[in-house]
Amino acid sequence: MWSRRTIRAAAGRAGRAGPATGGPARSGSCPAQQHPTATQTAERGCAAAADGDSMAFVTDRLSALDASFLYLQDRTTPMHVGSVLVFEPAEGFSYEGLVSLVSNRIAFVPRYRQRVRQLPGRILPPVWVTDDNFDVTYHVRRSALPRPGTSEQLEEFVARVQSRQLDLSRPLWELYLVDGLQDGRFAIVTKTHVSLVDGINAIDIGQILVDRDVEAEPSAPVGTARGGGDLDMFVASALDFARRPVRVLDVARSGLAGVTTEAVKVAGRGASVAGYVAGNIVRSAARPAPSSPLNQEVGAHRRFAMVSTDLADYQQIRRVAGERGEPVSVNDVVLATVTGALRGWLLARGAVVSTGQTVRALVPLSVLSETARDGDTVTQQSQREHIGEEVMPTFVDLPVGEARPMMRLHQIAFAMQQQLDAGHPVGARSLSGIAGFAPPTLHSLGARLGSAMSRRMFNLVITNVPGPQRALSAAGASLVASYPVIPLVKGQALAIGLTSYNGRVDFGLNADRDAMVDIELLGQCIVDALDELLDE
């Protein structure tokens, strides 16, 4: 549940990470003074502003990794992550009410009122600037399915909406209210660019939209980036670089080493985690992912499928395996289910599946940073406070060539445990206890990691985020289901995201429209593979 204390704490995190710019600060006061948690950088910026430096807050730059997401995307690989939130009907819920709700919530995340400004020649990184012409009704849109709208019609709507790139001249997010679903239900479909959601300066729009009870006043922003002329912006950025030469070296180094180096920085800031991540990437790069029908040229259009299962089934399989002396996690059972589904899908296609054949998956995991650990003591509170600071890539060879379901589970559990021993994974209970509805943000962080890695290292991305096991709502409407939409990268025709929420595990299958004409078959194979594990 979002509360004043929770939202102010989130604003404090943004302040610690760097200037989270937004609307103008209150006259006669310095934002850093209004927010004791602001960084020394913000304090120096206030001092500079007091001395007449009008460019103090102009250079809120994108990181090299964030900028790469903008440069690498094209019409076939838009770099935004999405979610499909399905709600029960609620009396009084309206488009106008949704616009008001969104306007209230994004006041706490100023990044949603900023756009990206490219500098001349692209010699320096682009910067975030306040969109002086921000129009919330442009971003919050309304659509409808012919009543009674089916799941298949909603899937087709999502596929078409998610295929379109975001307008880079505006803040990088969109939200659609979709009326007309069966039983009076409606859906909210979100799109947020992966360069916007880093878990620190900004969280996904879906996280701040859904809660139980919110009524608070927005905190004052930590500075304001205003868009001057090209020459002014260029000079301000150049001066900022000159003041901080170390930053120049960091950018140069990232440009030479490539995006993978930046992924290591994002994935592990702590020495132990970073060392493990680097080693894991080197080992995976030395052993490229096996060939797979999943790796094909990606077009501009998508197919999307939604699959719902019961969390109790995964928990039962975990319990039975534990009674047999084979401790496994729910995440292991999920990966075993996906493995069985891929095996069934390949066989249904008539593909030859040999013993020992694998499909390599990139499975991002949220891990604890060094600052979140006090010796060997890790509390749920410390986990929740530092979630989003580090996301660790794990590469798992899914044994699709193994015919026995429980043996597949055993092999996956063993492989995952080997990788987890090197890190400090955040527990599912802590992940599900984050304020608001955190899965959209955590899926976004996973998508960022997948987009940053070389596609030669893995065949597909699988993000699995545990959500709260209690009912949530938005403006009085109860949330029924949440389906993630993970973006595709070049050469990969499928991405799988799943969220557990209130006793359900909901899969979102995002696929290339031409390469995966049978995406519905893969969805049915997920249900069948889960049944196989239950039968054993």
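**A helix with two faces**

Author: Start with the outward face of H16: opposite its buried side sit Phe414 and Gln418, both exposed. Exposed means over 50% relative accessible area, buried under 20%, and partly exposed in between (1.4 Å probe, protein chains only). The buried residues of H16 are Pro405, Met406, Arg408, Leu409, Ile412, Ala413, Met416 and Gln419. They lie on the same side of H16 because their arc around the axis is only 145°, taken from the directions from the helix axis to the C-beta atoms.

This is a predicted model: local features need pLDDT of at least 70, side-chain atom pairs count only at pLDDT 80 or more, and totals for chains, interfaces and linings use all residues. Residues are numbered from 1 along each chain as its sequence is written, and side-chain values use heavy atoms, with hydrogens and water left out.

The length of H16 agrees with expectation: its 16 residues, 405-420, should span 22 Å at 1.5 Å a residue, and its end C-alpha atoms are 22 Å apart. The expected span is 1.5 Å times one less than the number of residues.

Now the pair. Helix H13 (residues 311-323) and helix H19 (residues 519-535) have axes that come within 9 Å and cross at roughly 35°. Asp313, Tyr314, Gln316 and Ile317 of H13 meet Leu530, Leu533 and Leu534 of H19; contact means heavy atoms within 4.5 Å. Five of these contact residues are nonpolar, one is polar and one is charged.

Across the chain, there are 19 helices and 15 strands. These are DSSP runs, helices (H or I) of at least four residues and strands (E) of at least two, numbered from the N terminus. Of the 536 residues, 57% are buried.

Notes: Axes fitted to C-alpha atoms, helices over the stretch in contact; angles between N-to-C directions. Nonpolar A, V, L, I, M, F, W, Y, C, P; charged D, E, K, R; others polar.
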